[in-house]
Amino acid sequence: MKIGILSSGGDAPGINATIRGVGKTAINNYGMQVIGIQNGFSGLLYKDIVELTDASLSGILNLGGTILGTAREKVFRKMITSPDEKDREQIKAAYQELGLDCLVCIGGNGTQRTTYMLSQLGLNVIGVPKTIDNDVYGTDVTFGFDTAVNIATDAIDRLHSTASSHRRVMVIELMGHHAGWITLYAGMAGGADIILLPELGYNMKVIIDKINKRMELGKAYSIVAVAEGVELPTKERPATYFAREIEEQTGYETRETVLGYIQRGGSPSPSDKILGTLLGGHAADLIHEGKFGRMVAKLGNKISDVPLSEVEGKLRLITPDTDLVVQGKKMGISFGVW
Ligand SMILES: Nc1ncnc2c1ncn2[C@@H]1O[C@H](COP(=O)(O)OP(=O)(O)O)[C@@H](O)[C@H]1O
Ligand SMILES: O=P(O)(O)OC[C@H]1O[C@](O)(COP(=O)(O)O)[C@@H](O)[C@@H]1O
Ligand SMILES: [Mg+2]
């Protein structure tokens, strides 16, 4: 059997652990041939490939990013959704010319959508969920998230001493374009006072009242954690918008921090390396069993898999009932709406 592996969408710590998990299991346990497809789905079209061997998969477990490169490929998306049959035939032809028996696609929601569409074309595919945002539907958690939360929590931890020394309000913006999981987890683990999430929205009066009340209680500073995806009335970044509004409306000196790509860079945490290894191994098992059109997943404490048809087009989002939101609320942390 010959299998291909690609990574697509934003990189996340743990992709290399996953490539290694798929590849080493496929080679050593099942005697499969493995190729890496470079730079996302475009590498499939242009047959931009590299042979993966047990030796070439050594030394990558701890590496951040992806050894295969990744892309948010718009051309491929257009081709796969195009009404023109010729476009889809070209994709099928590329898969066949590479002699693949299965294609493993490591990526987020967009990638799982594309992977599902490839399965609809009759190709054998397996999806592996990855994203620091933790918003892939059908799995409890994605690798990359734990690493990102560690980095973001460390950043919030470090803001406390400088905020306290200057008696300032600190606004920190964290990643998450649709889902605020990083902000919720790092906000709670880092002791933020106000946590603003795209899923819940905000009421500026609630935020201002909370900051004023903290100062009245003698608390010298406040920390606001905001997800980049919170919808705003202006074109500013959330950190800039909230820092400006808070300073104007409370009179307290306020500073902004945008953590940005630091959250995605560097080595994966041990937990993300383990998750990638287990998910990768399970992908190889599914291929051996001939179970295609599925996404590997972590459900409860088990590594499992779900049909791509149930995953595609959906997002895993925070709700007011999410346990950590409920607990934060009970402790007096503001979520911008209460
Ligand atoms: N709705 C969609 N339909 C088909 N392909 C999509 C769709 N959304 C994204 N893609 C493709 O999936 C790949 C990765 O998507 P993207 O959203 O950038 O990253 P991620 O997989 O991390 O969510 C890209 O090639 C992109 O063009
Ligand atoms: O790397 P880009 O294209 O600037 O995208 C940034 C986005 O990618 C992420 O880091 C990860 O998102 P995906 O996993 O969906 O790719 C988001 O948190 C962020 O909004
Ligand atoms: Mg996405």
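Which pocket is the space taken by ligand 2? Select ligand 2 and look around: its space is the largest pocket. (On a 1 Å grid over the protein atoms alone, a pocket is an open set of points with protein on both sides within 12 Å along at least five of seven lines, and lining residues have an atom within 4 Å of a point; a molecule sits in a pocket if more than half of its atoms lie within 2 Å of its grid points.)

Before moving on: this is a predicted model, where local features need pLDDT of at least 70 and side-chain atom pairs count only at pLDDT 80 or more, while totals for chains, interfaces and linings use all residues. Residues are numbered from 1 along each chain as written, chains are lettered from A and ligands numbered from 1 in the order written, and side-chain values use heavy atoms, leaving out hydrogens and water.

Next, show the shell of ligand 2, meaning residues with a heavy atom within 4 Å of it. Among them are Gly10, Thr131, Asp133, Met175, Tyr261 and Arg264. By class, that shell has three nonpolar, four polar and five charged residues, with Gly counted as polar and Tyr as nonpolar. Colour by domain too: domain 1 (2-144 + 268-310) and domain 2 (145-264) each give at least three residues to the shell, the bounds coming from an automatic or database assignment.

Now zoom in on the polar contacts (pairs of N or O atoms within 3.5 Å). Oxygen atoms of ligand 2 lie 2.4 Å from a side-chain N or O atom of Glu228, 3.0 Å from one of Lys130 and 3.3 Å from one of His177. The protein covers 81% of the 480 Å² of accessible area that ligand 2 has on its own (Shrake-Rupley method, 1.4 Å probe).

Over to ligand 1, whose space is also the largest pocket. It has 16 residues around it, and the closest include Glu73, Gly108 and Thr114. Pick Arg72: a polar side-chain atom there is 2.9 Å from an oxygen atom of ligand 1. Lys130 does likewise at 3.0 Å, while Asn109 uses a backbone N or O atom at 3.3 Å. Here the protein covers 85% of the ligand's own 550 Å² of accessible area.

Last stop: select Gly10, Arg72, Glu73, Gly108, Asn109, Gly110 and Thr111, listed under "binding site" in an unreviewed UniProt entry. (Such annotations may be inferred rather than shown by experiment.) They spread over 102 residues of sequence but cluster in space, with a largest C-alpha distance of 13.5 Å.

Technical notes
Polar contact = N/O pair within 3.5 Å; in protein donor to acceptor, adjacent residues only side chain to side chain. 1 Å grid on protein atoms, 1.4 Å probe; cavity = no way out; pocket = protein on both sides within 12 Å on 5 of 7 lines; lining within 4 Å.
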